[in-house]
Amino acid sequence: VLCSWIFKGETKRLIRERITEHGRAAQTKNAQNPVGRHFATRHDRSQTPALPFVVKITGRAVGNEDR
């Protein structure tokens with residue numbers, strides 16, 4: 001395991017798109033993305049995650065009241 005950090009987020013977009021975006025941000029250490037910012041500030045260059053990015057989905061919003 002590269003990192004045991006836990007990120008919790010919400011999205012209305014397709015989960016595949018969002019996870020891919022987070023994975024790319026982690027690889028490029030994009031500070032505009034919370035996952036990219038984490039890898040930019042907490043990991044050195046040798047600790048770049050590989051795609052596909054491993055995630056665990058813990059819930060799903062059914063309607064606006066769940067968000």
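This is a predicted model: local features need pLDDT of at least 70, side-chain atom pairs count only at pLDDT 80 or more; totals for chains, interfaces and linings use all residues.

Visitor: What makes Glu-21 and Arg-18 a salt bridge?

Guide: Their side chains meet at 1.9 Å, N to O. The rule asks for a distance within 4 Å, so the pair counts. Both residues sit in helix α1, three residues apart, which means about one helical turn separates them. Helices here are DSSP runs of H or I with at least four residues, strands are runs of E with at least two, and both are numbered from the N terminus.

Visitor: Why does the Arg-13 and Glu-17 pair get the salt bridge label?

Guide: The closest N and O atoms are 4.0 Å apart. That value is at the limit, and the rule says within 4 Å, so the pair is counted. Arg-13 also bridges to Glu-21, with 3.1 Å between the closest N and O atoms. The count comes to three salt bridges, and Arg-13, Glu-17, Arg-18 and Glu-21 are linked in a network.

Visitor: Is Arg-18 buried or exposed, and how do you know?

Guide: Its relative accessibility is 17%. Buried means under 20% relative accessible area, exposed over 50%, and partly exposed in between (1.4 Å probe, protein chains only), so Arg-18 is buried. Arg-24, found in helix α1 (residues 15-28), comes to 52%, so it counts as exposed.

Visitor: What makes Trp-5 and Phe-7 a tilted pair?

Guide: The structure holds one aromatic pair. Trp-5 and Phe-7 form it, at 5.8 Å centre to centre and 35° between the planes. Rings of Phe, Tyr and Trp (its six-membered ring) pair if their centres lie within 6.5 Å; planes under 30 degrees apart are stacked, over 60 edge-to-face, and the rest tilted. The distance passes and the angle falls between the two cut-offs, so "tilted" it is. Both residues are partly exposed, Trp-5 at 37% and Phe-7 at 34%.

Visitor: How do you know that His-43 and His-38 make a polar contact?

Guide: Their side chains are joined at 3.1 Å. A polar contact is a pair of N or O atoms within 3.5 Å; within protein, one must be able to donate a hydrogen and the other to accept it, and residues adjacent in sequence count only if both atoms are side-chain atoms. The value is under that limit, so the label holds. His-38 lies in helix α2, while His-43 is found in the segment after α2. Both count as buried: His-38 has 10% relative accessibility and His-43 has 12%.

Visitor: Which residues does His-38 touch, leaving out those up to four places away in sequence?

Guide: Cys-3, Trp-5 and His-43. Contact here means heavy atoms within 4.5 Å.

Visitor: What makes Ile-15, Val-55 and Ile-57 a nonpolar surface patch?

Guide: Patches are made of residues with over 30% relative accessible area and no salt bridge; like charges are joined within 9 Å, nonpolar side chains (Val, Leu, Ile, Met, Phe, Trp, Tyr) within 5 Å. The patch covers about 260 Å², an area from the Shrake-Rupley method with a 1.4 Å probe; for residues, only the protein chains shown count as cover.

Visitor: And what do the totals look like for the protein?

Guide: The secondary structure comes to two helices and zero strands, and buried residues make up 22% of the 67 residues. Its accessible surface is about 5700 Å², with 50% belonging to carbon and sulfur atoms.

Conventions: Residues are numbered from 1 along each chain as its sequence is written. Side-chain values use heavy atoms; hydrogens and water are left out.
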